[in-house]
Amino acid sequence: MRQPHHRRQVVEIADLLKKASSALFITGAGISAESGLPTYRGVGGLYDDRHTDDGIPIEVALSGQMFSDRPEVTWNHLSRLESAVREVAPNRAHRALAQLQRTLTRTLVLTQNVDGLHQAAGSRDLVEIHGNIHRLRCETCGHKDVAHDLAVFREPPACVRCGRPMRPDVVLFGESLPSAELIRLKNELSHGFDIVFIIGTSAGFPYISGPVITASRQGVPTVEINPGETEVSHFVTHRLATHAGPALDAILSAVLDPGR
Ligand code: OAD
């Protein structure tokens, strides 16, 4: 946060937050980058060399079609992701966001991340639109269970309730979004927010860019925190082209600073 234009923007954003009673925080892989998890796209992103060890593009390995045709390929990649996620802890961006939520009356965190780090940092009011890698779900009866270590299973474990195979409770490429989460999101969006943040995501999906573009058209302040340019960069009122940790820390300090 050394650049003077960043400092000025941070102060403005903090002032907006102090006046706001509600805020939407949309997050993606970039907020977990400082915990040591790779992003999907961009510098150091998983898709950069585009193929897995098996020579299969990651989007294909992690698709609903592959899970149905060759479940072991998808399971292998998800279990690697799950074990990577189990090794890491929330970073200061997750923690600062959770603290900012506590200063507001109504908030929503809409995350595409399946790593569970927002909850681990103490965030409340969370929509995990792509699911959570720490959970298993039975596709037949809908029963959910905690997934401790996906790598121990040689084949999908049986559901304790109905005996049918369980699967990781994440959204794979080509699959529909979970309906309960979509309904909750739609309901929250219908009430509107006083300020909308979009942090560490390339914003490639309409349900991610849409709330930012709509807010911006309605004259609602919008803040992007991302070192790179994205689909929504030209729509936002405030853009911090930097990493999520220092940016959110600086905003939190400015919000809490009684001297200002
Ligand atoms: P991406 O990998 O597409 O984008 C990550 C974004 O984070 C990029 O725009 C980076 O510039 C930015 N970034 C990197 N480091 C950062 C940092 N320290 N602080 C802030 N920003 C940083 O990840 P997502 O947008 O989350 O879906 O990807 C969306 C979805 O695409 C994922 O949920 C996954 C993937 O395909 C499914 O698996 C269904």
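Which of the 22 residues around the ligand come nearest? They are Tyr40, Arg41, Thr201, Ser202 and Asn226; a residue counts as near when one of its heavy atoms lies within 4 Å of the molecule.

## Basis of the values

This is a predicted model, in which local features need pLDDT of at least 70 and side-chain atom pairs count only at pLDDT 80 or more, while totals for chains, interfaces and linings use all residues. Residues are numbered from 1 along each chain as its sequence is written, and side-chain values use heavy atoms, with hydrogens and water left out.

## Ligand surroundings

The shell around the ligand consists of 9 nonpolar, 11 polar and 2 charged residues. Here Ala, Val, Leu, Ile, Met, Phe, Trp, Tyr, Cys and Pro count as nonpolar, Asp, Glu, Lys and Arg as charged, and the others, Gly among them, as polar.

Asn226 places a side-chain N or O atom 2.8 Å from an oxygen atom of the ligand. A polar backbone atom of Ala29 is also 2.8 Å from a ligand oxygen, and a backbone N or O atom of Gly30 lies 3.4 Å from a ligand nitrogen. The protein buries 91% of the 800 Å² that the ligand exposes when taken alone (Shrake-Rupley method, 1.4 Å probe).

## His6

His6 belongs to helix H1, residues 4-19 (a DSSP run of H or I, at least four residues). His6 is buried, at a relative accessible area of 2% (buried means under 20%, with a 1.4 Å probe and protein chains only).

The His6 side chain comes to 3.5 Å from the backbone nitrogen of Ala241. Cys162 is 156 residues from His6 along the chain, and their C-alpha atoms are 55 Å apart.

Terms used
A polar contact is a pair of N or O atoms within 3.5 Å; within protein, one must be able to donate a hydrogen and the other to accept it, and residues adjacent in sequence count only if both atoms are side-chain atoms. Helices (H or I, at least four residues) and strands (E, at least two) are DSSP runs, numbered from the N terminus. Buried means under 20% relative accessible area, exposed over 50%, partly exposed in between (1.4 Å probe, protein chains only).
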